[in-house]
Amino acid sequence: LHPAAYSSDPSSDSYFCACSANNFIITTLKAEIQISKRQIKMMKAMELTADKGFFVIEVPKPVPTDTQILVRVKYSAIDTSLQNLLDRDMVASYIHDMKSKPLMAGNHFSGTIEAVGASVAAQKEFTVGDGVFGHLQYAPQTKQGAYSEYVTVEADACALKPSNVSWETAASSTTEAMTALQAMRDKAGLIKGKTVLILGSGGGVGSVAVGIAKSLGASRVTAVCSTRDVDRIQKLGADIVIDRKTQDNWETAAVGKFDVVFDAPTKYGLWQASKWLNPGGGFVNTIPTIFDILLIGWLWGWFTGKIFTTVACASKKADLDLVGEWLLKGSVAVEIDSTHDVSSLEAAMRRQNDPSKSGRVAIKVEGGW
């Protein structure tokens, strides 16, 4: 109340009435704020802390736009890029909004649809209760994290989960499968009858690339891995497996020439790759190396007629549908190393970085808090 409306004498009746009125207003405002908070639906999410840890918080539950769907997350998986976010390194700023507060992470997801936008409802392709899978886009504007109870995604960035594919497998397949498929098919030009060399085939991306290359019709898939992964990669369908630990001079003597070379871990340079490529062949890696790809690759390709490029995967419905079909048929396999509750992300990260790990580290979100 304005001071002129009451006496400044604490013993006066007007002073007492003014104080009582002010207290009433403050109490009313506090009550309205509490009511407003209750009207905002909240959800649990995992925040990345400054000391590279994880902390359970509550944030507003997202609301889908006309073209989006709201997914209740059942499972996620450890992203290979999660360490970049924890380290706050240069790569992190290209795949996530590192300025967002709170900082949330996790890209893989599988779950059930809880709501759809008006445009999605009109198309009748997705309905409430459907099981879906996909991954949040790796982009500087991404603020969400799949280590949350809910995420919103564009309808063309997810796909229906095949009923006979587990939630864990569907969630764990997404980023790796999209990377391998889009690298070999879209960037390097893999089609039926061509030959493929997969480097780093023991890793998450490289191992799923073996089945994808065969599913795309490659006539010969040669996979390079360490000793402990040889049997596993053979079972995944590779025609030839090279043990880089025991085979001397494998880079020159044991490899040969290929139409497509996929460097999943980005450990081999343009100069090596050029020796492995047939005329008109394509080399693709997963991280843009400034010298090889960005500065020299386009020029070298212009002179040699060979492709030297990198891939940035995107979650696309058509590609996810294709991967879902392959998972259902068993022509593409995604191995699960272990499953951890979302509340145990630190333990999951330790397993992710354990050299003995074999396969994907899945995260149980629903019921895992």
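Colleague: In which sense do strand β9 and β10 pair, and over how many bridges?

Modeller: Strands of a sheet pair through backbone hydrogen bonds, either parallel or antiparallel. In this predicted model, strand β9, residues 220-225, pairs with β10 in the parallel sense, over four bridges. For C225, the bridge partner in β10 is D243.

Colleague: What is the order of the strands in the open sheet?

Modeller: The open sheet has six strands in the order β10-β9-β8-β11-β12-β13, and the pairing is parallel. At the edges stand β10 (240-243) and β13; each has a single partner strand, so one side of each is left without a neighbour in the sheet. On average, neighbouring strands of this sheet are turned by 15° against each other, direction ignored.

Colleague: Which strands does helix α5 lie across?

Modeller: Helix α5, residues 167-187, lies across β8 (195-199), β11 (258-263), β12 and β13. Its direction runs at about 145° to β11. Helix α6, residues 204-215, also packs on the sheet and touches β8, β9 and β11. The direction of α6 makes about 170° with that of β8.

Colleague: Now the aromatic residues. How many aromatic pairs does a search of the whole structure find?

Modeller: A pair of aromatic rings is described by the distance of the centres and the angle of the planes. The search of the whole structure finds two such pairs. In one of them, the ring centres of Y268 and W276 are 5.9 Å apart and the planes stand at 65°; angles over 60 count as edge-to-face, so this pair is edge-to-face.

Colleague: Are Y268 and W276 buried or exposed?

Modeller: The cut-off for buried is under 20% relative accessible area. Y268 has 15% relative accessibility and therefore counts as buried. W276, at 3%, counts as buried too.

Colleague: What form does the pair of F283 and F308 take?

Modeller: F283 and F308 form a tilted pair, with 6.3 Å from centre to centre and 50° between the planes. F283 lies in strand β12 (residues 277-285) and F308 in strand β13 (residues 307-310), so the pair ties together parts that are 25 residues apart in sequence. Both F283 and F308 are buried.

Colleague: Which residue lies over the face of W167 at 4.5 Å from the ring centre?

Modeller: That residue is K161. K74 also lies over the face of W167, at 5.3 Å from the ring centre.

How values were computed: Residues numbered from 1 in each chain as written. Predicted model: local features only at pLDDT ≥ 70, side-chain atom pairs only at ≥ 80, totals over all residues. Heavy atoms only, no water. Phe/Tyr/Trp six-rings, centres within 6.5 Å; stacked < 30°, edge-to-face > 60°. Buried < 20%, exposed > 50% of the residue type's maximum accessible area, 1.4 Å probe, protein only. Helix = DSSP H or I, 4+ residues; strand = E, 2+ residues; numbered from the N terminus. Lys NZ or Arg CZ within 6 Å of the ring centre and 35° of its normal. Pairing = 2+ DSSP bridges. Axes fitted to C-alpha atoms, helices over the stretch in contact; angles between N-to-C directions. Contact = heavy atoms within 4.5 Å.
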